[in-house]
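Dear colleague,

Please find below the structure I am handing over to you. My notes on it follow directly after.

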Amino acid sequence: MTQEATTGVYGNPPAELADVPRDAVQFSPLLPGSPALERQAEGSLAAMVMLVPPGTIERRHDIAQALRVLQPGGQLTVMAPKDKGGSRLAKELKAFGCEFEETALRHHRICVSTRPTDLSALQAAIDDGAPRQVEETGLWSQPGVFSWNRVDPGSALLLKHLPQLSGRGADLGCGVGYLARAVLAMPTVEALHMVDIDRRAVEAAAKNITDPRASIHWADVRKAGTIPEGLDFIVMNPPFHDGGAEDRSLGQSFVRRAAESLRKGGRLWLTANRHLPYEDHLKDLFARAVLIVEADGFKVYEARK
């Protein structure tokens, strides 16, 4: 980080709500290549602009980390839609010992504050949002990661119906490694490429999956070159939310990447919420697509290239 780049940015604050310098350093764990905010030195930034996440534990953790890395007197501009955490910002900043001004614009709450003199109130939020091993799954995870402290029922349904896999494969949107752990328990699997857009998930997966057949990548599946071609199988529980809003094109892009990466005859195993219409997309891109099971609000498909 250069001396001039003294402003940090977290997420993608709307341009009409905040002025973010061009040389600001991005710290979002959802933008591959960004440095980790929690590893930034205390008091090293002059300012920070944040579009904070809706989850309470994650949001408080991220705001606390931002205040920690600010220089004395450094300015924090934090915002969120009022129905996705924005209405709580003032209370949370007050609990951290901050003085601030609050405004409302375009359904967002925006608070402008400065780093408090006493940072002791930050530690509980930092600890609460830190990585930990989850008792239910036995896996390392962190608040903010998809299904961070429980087994996602869609993934659980997929595992119930997953056949013996073999050869080279991939787990797209691998999360902390719940599906990968089961796939790598199959002795006929030769290699598994695990990809996720969330750095926190990737770092947790690296703790959870130590099998030498696995390679773990922090990358955006939607971009070409994230996984090799000619794969024998792919498993996935694709996302369908972006920034808290439903975006069906996300899952469709995962299906398209799978079709491009599988060899002829290769198989895709996909789980999805019942209401998501993947049928036509699968039939357009694969030679054969079959609904294997529909239960508990989810569907499982097998598609052959």
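**The sheet, its helix and the cores**

Six strands make up an open sheet of mixed pairing, in the order β2-β1-β3-β4-β6-β5. Its edges are β2 (25-26) and β5 (100-105), each of which pairs on one side only. Please bear in mind that this is a predicted model.

Within the sheet, β1 (residues 7-10) and β3 (residues 45-51) run parallel to each other, joined over four bridges. You will find Gly8 opposite Met48 of β3.

Helix α1 lies across β1, β3, β4 (70-81) and β6 (108-114), at about 155° to β4.

The largest nonpolar core has 26 residues, and those touching the most other members are Met48, Met50, Ile63, Leu67, Leu76, Val78 and Phe96. Two or more residues come from each of β3, α1, β4, α2 (89-95) and α3 (123-128). The most, five residues, come from α1. Phe96 has contacts beyond its sequence neighbours, including Ile63, Leu67, Pro116 and Leu122. A second, separate core holds 23 residues, among them Ala219 and Ala272.

Yours sincerely,
A colleague

Methods: Residues are numbered from 1 along each chain as its sequence is written. This is a predicted model: local features need pLDDT of at least 70, side-chain atom pairs count only at pLDDT 80 or more; totals for chains, interfaces and linings use all residues. Side-chain values use heavy atoms; hydrogens and water are left out. Two strands pair if DSSP finds at least two bridges between them. Contact means heavy atoms within 4.5 Å. Axes are lines fitted to C-alpha atoms, for helices over the stretch in contact, and angles run from 0 to 180 degrees between N-to-C directions. A nonpolar core is a set of buried Ala, Val, Leu, Ile, Met, Phe, Trp, Tyr and Cys residues joined through side-chain atoms within 4.5 Å. Buried means under 20% relative accessible area, exposed over 50%, partly exposed in between (1.4 Å probe, protein chains only). Lists of a residue's contacts leave out its neighbours within four places in sequence.
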